[in-house]
Structures are given as structure tokens and as C-alpha cells.
Amino acid sequence: MKPSLDRRIQSLLPVALASLLVLGIARLVLDNLKSDQSHIFVVYGRQEMEKFNQRPIFVGPNDRFKEGCNVFEGEWVWDNVTHPLYQEQSCPYLVKQTTCLRNGRPDSFYQNWRWQPYACELPRFDPLKLLDVLRGKRLMFIGDSVQRGQFESMVCMVQSVIPDDKKSFQRIPPMKIFKAEDYNASIEYYWAPFIVESISDHATNHTVLKRLVNLDSIAKHGKSWEGVDFLVFESYVWWMYKPFINATYGSPDDIREYNVTTAYELALRTWANWLESSINPNKQKVFFMSMSPTHLWSWEWRPGSDGNCFNESYPIKGPYWGTGSNLHIMNLLGSVIQESKISITLLNITQLSEYRKDAHATIYGERKGKLLTKEQRSNPKQFGDCIHWCLPGVPDTWNEILYAYLLKSHQNVF
Ligand SMILES: *[C@@H]1O[C@H](CO)[C@@H](O)[C@H](O)[C@H]1NC(C)=O
Ligand SMILES: *[C@@H]1O[C@H](CO)[C@@H](O)[C@H](O)[C@H]1NC(C)=O
Ligand SMILES: *[C@@H]1O[C@H](CO)[C@@H](O)[C@H](O)[C@H]1NC(C)=O
Ligand SMILES: *[C@@H]1O[C@H](CO)[C@@H](O)[C@H](O)[C@H]1NC(C)=O
Ligand SMILES: *[C@@H]1O[C@H](CO)[C@@H](O)[C@H](O)[C@H]1NC(C)=O
Ligand SMILES: *[C@@H]1O[C@H](CO)[C@@H](O)[C@H](O)[C@H]1NC(C)=O
Ligand SMILES: *[C@@H]1O[C@H](CO)[C@@H](O)[C@H](O)[C@H]1NC(C)=O
């Protein structure tokens, strides 16, 4: 049993590599060109403040899902009326890793599924309500490129209701920041693939083959997270490279190979300790996204086949759980969150995303910052990206759920 689990962890390697490296070097140049440091530290002046005196939108009973409802248990229903929530071409902030249609994907069914919980309704996403909840606040997504997809999804979900001269998008590595001026609200992204510190922390020029994680170091990242109103963390696929990972704990010179499970747990505890010492639970809210599943081996949902997520057009009808989503790590995550003195909301999106073998970028994503060549496209088994998701798509649903939680805890101002 153990050897086979390890083999699977190991075989995440080629694809994970291929798709994660991608973001890297090529985008570095682009990001540097586009980044505009001068805006970010601008303090809002008095006149700006006047503009925020808009009537707040009221969050009513229909915006809050039923108490006690597990929104993560449900099914995907075909709904080409309300979904997608935005059009790929209408959102200027998507990186080409996610723009599958533009990159040539022939089918678009993956955009038309809505997540329907069994026990309640999710509130219908309303960008103006979200902006109201975010008024004068910061929402930050922290994690790897999967998390960046969720950040971009959230920006696309709100940006269409904001006039061009009232919104901005800045790239200040390791961050990306979207601002809605009239609301003094920001939606941000922070690159930290292991959450704790590592040699992969440079937003664009990071190593993929060599990994070294500092399991007890988080302070440097943490400085950028202080005071953020809504923090949404995620980290998984970067750990699942080999059964062991080089890491330090204690002395920075004492590099050892750690069992990935052990290393992940130590990192989570470092993170939980940071939260306890740095978060004001009355002002700040913390979320953690459970692992985003991969669909690397089609024999897992279609026994006897030998492909991956390529050429899949429909969701899996459950029950289904792929071996890539390590349940031992899932349980560890549950324990760390439960034991934390700070309230952390786990958004357990793994199961619902497990069904979505149809929704990955496959050969319509990118590799090393470029679209795939014709030769690469003819070899989906090797070059298909079954880690990242097309947008619009599954990350929109994660955000519909995050939205539901944000609304649930929102206090109306009368
Ligand atoms: C929506 O789906 C239904 C059922 O599959 C189909 O008949 C209809 O043409 C679709 N509408 C659009 C706008 O794609
Ligand atoms: C704007 O938002 C920032 C960050 O959330 C906050 O610190 C600041 O007080 C807000 N400014 C106004 C004028 O509300
Ligand atoms: C990327 O990082 C490596 C190692 O730190 C460095 O040698 C290289 O010059 C960097 N590349 C760029 C384009 O900055
Ligand atoms: C750890 O680092 C050493 C030295 O660079 C390397 O030989 C070894 O393969 C690494 N181990 C893992 C699990 O990557
Ligand atoms: C890593 O640790 C976990 C939990 O203790 C164990 O189940 C697993 O077999 C270990 N993996 C390796 C490769 O030793
Ligand atoms: C994709 O799947 C369809 C049927 O589901 C099959 O007819 C077709 O040959 C497949 N295409 C490729 C390139 O595998
Ligand atoms: C997340 O959901 C899955 C599927 O329902 C479940 O097996 C797992 O235990 C849940 N994780 C936690 C930490 O509760």
C-alpha cells in the first residue's frame, strides 16, 4: 500500500513541474514592465474619503445560506443560464494559463456547471454586495499558482461592475493587487507556494527542480499579511513532488530530508502559531482552501484507460476521490485548524472539485510562459496540464462559496 502511494506522489512530478515552472521566468520580464510601484503606497486623501459615503447595500436573509448547511456536499447541475458568471474575453486580468478558449479549447461546457449543495441554496453572487462587504477592506489570497487562479477568478467576478477609471491592477512581485477605488477595497494575491518561507519565494524567478523549505520561518511573509481583513491561504501541490522534501527546522544550516507529511504538518503549525501571535480575531478573518485536486490518471475514473484529463468534457458523477488528494494530509489539516486558538474556516472544496476532470487547462494552458507548440499539443499525455483550471470555471465556484461565507458573517450597517 505504501509503495504505491509513494509512487503516485512521485508521479505528480512531471506534470507538476511542467505546469508550475511555467509561470516563472517568461513572466518575470512582463511583470517588471507592467508593475507600477508608485501607486501602491499612496494614502487615500480627504476627497477620496468623501466618495466612500455611498449607501451600503443590505445583506438580507436570502444572501445567507441556511445555518448548519454543509455547502461542500452537493452536485454539479447544468446551468447555462446563470453560468459562467463572466466571459473570458471580458476580463482583462486573466493570465494565459487560464484562458482556455482563447488558447484554442474547442468545447466550453466546463463553464456551464453550477454547484448545488444538497441541503441549501448558495446565495447568488452579486458583485456589488461583495464590494460592499469589502468596503475599506483588503481581501488577500496567499499560495501558489492554483491560488492565483482563484484570485484572478475573484477579480473577474467583480471587475465588470466597476468603470475603467475606478479600478486598477498592479503587479508588485510577489503580489498582485486589484483595487476598486470608490469602495477603497482591494483584492490581492501573494505568492507563497509553501506558505512558510522557501527558496521558491521569488514570484517569477523560482526554482522548481530544487526545493528547500524553511519549516519554521514565516515572519518575512507575515509582514505583508498583517492587518489584512480577509486572509485566504492555500498550499498543497508544491509539497507533493517526491515522498521526501529538503527542509530546515531550527538551524537554517541543518538541511535534512523530511517526510512530506511531517514537513507539511510542521509548516502548518508554524503558520497556526503565526496566526495566533499576529491576527486580531475581532478584525480579521482567516480561511484555508483545502487541496485542489489533480486529474493526472484517467484510469482512476475510467478503469482501463491510459490518459489524463485531456479530452474530458463532462464532470464525474460521484462518488469519486482521486489518489492525488492525500487524506492523511487532509486529516492533519483538519487537526491543526481545530486545535488553533484563532478561528480558521476551512473551505473544503476538494470533493466538489474532484468531480471536475473536465475543467483543467489541459493542452490549452501554458508551459514556461508560452502556449504549447503544435508538437506539444499532439502529446497531451506528457504536456497536458491537469493541475490548473480554465477560467471561467471551478475556481469561480470556490469564490461563490467564499462569498457565501463572507456574507454570512457580514454585519449590516444601519
Ligand atoms: C443551454 O442548454 C440547453 C440544454 O442543453 C440547450 O438546449 C440550450 O441551447 C443551451 N443554451 C445556450 C444559450 O447555450
Ligand atoms: C482604505 O482602506 C485601507 C486598507 O483597508 C484602510 O487602512 C484605510 O483606512 C481606508 N481608508 C479610508 C478613507 O477608509
Ligand atoms: C534567477 O535567480 C537565479 C538564482 O538566484 C539567478 O542566478 C538569476 O540571475 C535570476 N534570473 C533572473 C532573470 O533574474
Ligand atoms: C536534497 O538535497 C540534496 C542535495 O542537493 C539532493 O541530493 C537530494 O536529492 C534532495 N532531496 C530531495 C528529496 O529532493
Ligand atoms: C511519511 O509519514 C507518514 C505519516 O507518518 C507515513 O504514513 C508515510 O508512510 C511516510 N512516508 C514515507 C515515504 O516514509
Ligand atoms: C476524444 O474523445 C472522443 C470521444 O469521447 C473520441 O471520439 C476522440 O477520438 C477523442 N480524441 C482524442 C484526441 O483523444
Ligand atoms: C473534507 O471533505 C472530505 C470529503 O467530504 C472529507 O473526507 C474530509 O475529511 C474533509 N476534511 C476535513 C478536514 O474535514
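Of the 414 residues in the protein chain, 58% are buried. Welcome to a quick tour of this predicted model, whose protein chain has 13 helices and 17 strands.

**The chain as a whole**
- The protein chain exposes about 18300 Å², and 53% of that area comes from carbon and sulfur atoms.
- Take the contacts between residues at least 6 apart in sequence: 78% of them join residues at least 24 apart.

**Helix 8**
- Helix 8 covers residues 260–278, which is 19 residues.
- At the start of the helix, a side-chain oxygen of Asn259 comes to within 2.9 Å of the backbone nitrogen of Thr261.
- Thr261 is itself buried, and so are Val260, Ala263, Tyr264, Ala267 and Leu268.
- Further along helix 8, the buried residues include Thr270, Trp271, Ala272, Trp274 and Leu275.

**Ligand 7 and its surroundings**
- Trp321, Met330, Gly334, Leu346 and Asn348 surround ligand 7.
- Taken alone, ligand 7 exposes 360 Å², of which the protein buries 60%.
- By residue class, the shell around ligand 7 holds three nonpolar residues, two polar ones and no charged ones.

Note on methods. Residues numbered from 1 in each chain as written. Chains lettered and ligands numbered in written order. Predicted model: local features only at pLDDT ≥ 70, side-chain atom pairs only at ≥ 80, totals over all residues. Heavy atoms only, no water. Near = heavy atom within 4 Å. Areas by Shrake-Rupley, 256 points an atom, 1.4 Å probe, with all protein chains shown as cover. Nonpolar A, V, L, I, M, F, W, Y, C, P; charged D, E, K, R; others polar. Helix = DSSP H or I, 4+ residues; strand = E, 2+ residues; numbered from the N terminus. Expected span 1.5 Å × (residues − 1). Buried < 20%, exposed > 50% of the residue type's maximum accessible area, 1.4 Å probe, protein only. Polar contact = N/O pair within 3.5 Å; in protein donor to acceptor, adjacent residues only side chain to side chain. Contact = heavy atoms within 4.5 Å.
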